[in-house]
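User: I am new to protein structures and would like to learn how to read one feature at a time. Could you take me through this example?

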Amino acid sequence: MKKKDNPLNKLIASNIYARYSGILSLSDIPLFLVDTNGHVLHELIPSPDFCTHICRERGDKVCSEYICRFKSEEEGSFVCRYGLENIFLPIKLHDETLGYIAGMQVYSQETEYQKYMIDVQSLKKEKNAELEFIAKSIASLKTVEANKMKIHEQICGHIAKNISIDLAESVSHVDSDVARLSIEKEMLEKKIIELEAKNMSLVINPHFLFNTLNCIARIAYFEHSHTTEELIYCLSDLLRYNLKQNDQLHTIASEIDNIEKYLYIQKVRFKNRLDYNIDVPEKIKAYRIPNMVIQPIVENALIHGITPKRDGGKINIYAEEFEKEIVISIEDNGNGFSKDVLDKIQQSENKSGLGFRSTDKRLKRSYGECYGLEIVKSDFSGSTVAIKIPTQPIGRC
């Protein structure tokens, strides 16, 4: 198994030391996590300088005496050529050894005499190291009583066993998530095909759906199910809402709920590169509006405003009531629409997901020619697009 594919790396990423910090506090004897090729994945309790800088051929791999035993699939304890006591216990997943909990690297009272028999001059020539450093590293090697070594061995066994259990549960959990994800993905793909067959111009961009599904698949391998389930549910709700009749009026509250799910998904994808705020008074939420008129505007703010910026940005959505009109504004602090994009908006509908002209037409068809979309501002400080509708279901200019 390649080092980068080893499930132990994912366990380390989840802060393995914090998980076992309580039991590790019982010992100060070296203990580390190593894969079957001898690469040290994580030092829970650091090895002595003698083992790290003198014995190892490479700083990131254990000495050859460990590696020989890994190849022979042995396990247990041994005394190295310098008299140090060592231990290595396997970490297994489905009977496959993924690595070892190893360490000790101390003298017992019976082997301590070998410490004073190490040929310092030979090591100087072999390792091209300073005599002073070699002498100090040898002097710092510990001698430990038998009962403390026994306790440390029990700690190693406990950690090796629990890591094996954690890995088994994690793989089982991921398999379950991926199976569920596969079903969800198949259902969503069928719905997308149906939408494309109907030539609906205001569907959620299929590329966005597939990118999100890929994002969910990656998260399923690295996290427990909470975030995965939340993303799937949000995406399912988005698609379900999107499938409703275009000409049907919905409450602004339902539109905002849909936008919150859309932005939640995007926040997971873009992390700290995206921030957003929604401020729509409860009174305004009761008014009705054609479905899927806010989402394409928010999507454009993200694609053309926030995404091109290296540090990302923020999207603000707010609504105000003026006598007989309601204005819903979508504001971003991006780079503004380019001239080409503005030309496309003004001249003709396009396939890039802008959706301005068709959205504007739907609003005018529902409320009258004096209502619809307006690009209030678009420059290097950002863009603001306003949706203007009447307070009555049908308005006339």
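This is a predicted model: local features need pLDDT of at least 70, side-chain atom pairs count only at pLDDT 80 or more; totals for chains, interfaces and linings use all residues.

User: How many helices and strands does the protein chain have?

Analyst: Helices (H or I, at least four residues) and strands (E, at least two) are DSSP runs, numbered from the N terminus. By that reading, the protein chain has 14 helices and twelve strands.

User: What share of the residues counts as buried?

Analyst: A residue is buried under 20% relative accessible area, exposed over 50%, and partly exposed in between, with a 1.4 Å probe and protein chains only. Of the 397 residues in the protein chain, 47% count as buried. Contact means heavy atoms within 4.5 Å, and among contacts between residues at least 6 apart in sequence, 66% join residues at least 24 apart.

User: Which residues touch the most other members in the largest nonpolar core?

Analyst: In soluble globular proteins, nonpolar side chains tend to be buried together. A nonpolar core is a set of buried Ala, Val, Leu, Ile, Met, Phe, Trp, Tyr and Cys residues joined through side-chain atoms within 4.5 Å. The largest one here has 42 residues, and Ile315, Ile328, Ile330 and Ile387 touch the most other members. Elements that each supply at least two of its residues include α8 (206-222), α12 (295-306), β9 (313-322) and β12 (382-390), while the largest share, eight residues, comes from α10. If you look at Ile330 and leave aside its neighbours within four places in sequence, its contacts include Ile294, Val298, Ile315, Val385 and Ile387. There is also a second, separate core of 26 residues, which includes Cys55, Ile67, Ile118 and Ile138.

User: Is Gln266 buried or exposed, and what does its side chain make a polar contact with?

Analyst: A polar contact is a pair of N or O atoms within 3.5 Å; within protein, one must be able to donate a hydrogen and the other to accept it, and residues adjacent in sequence count only if both atoms are side-chain atoms. Gln266 has its place in helix α10 and is buried, with a relative accessible area of 3%. Its side chain makes a polar contact with the side chain of Arg269, at 3.1 Å.

User: How many salt bridges are there, and which residue does Asp28 pair with?

Analyst: A salt bridge is a side-chain nitrogen of Lys or Arg within 4 Å of a carboxyl oxygen of Asp or Glu, and by this rule the count comes to nine. Asp28 forms one with Lys142, their closest N and O atoms being 3.2 Å apart. Asp28 lies in the loop between α2 (16-24) and β1 (31-35) and Lys142 in the loop between α6 (131-139) and α7 (146-197), so this pair ties together parts that are 114 residues apart in sequence. Asp28 counts as exposed, at 52% relative accessibility, whereas Lys142 counts as partly exposed, at 36%.

User: Where do Glu282 and Lys285 lie?

Analyst: Their side chains meet in a salt bridge (3.3 Å, N to O). Glu282 and Lys285 are three residues apart in helix α11 (residues 282-285), and so are separated by about one helical turn. Glu282 counts as exposed, at 61% relative accessibility, whereas Lys285 is partly exposed, with a relative accessible area of 21%.

How values were computed:
Residues are numbered from 1 along each chain as its sequence is written. Side-chain values use heavy atoms; hydrogens and water are left out.
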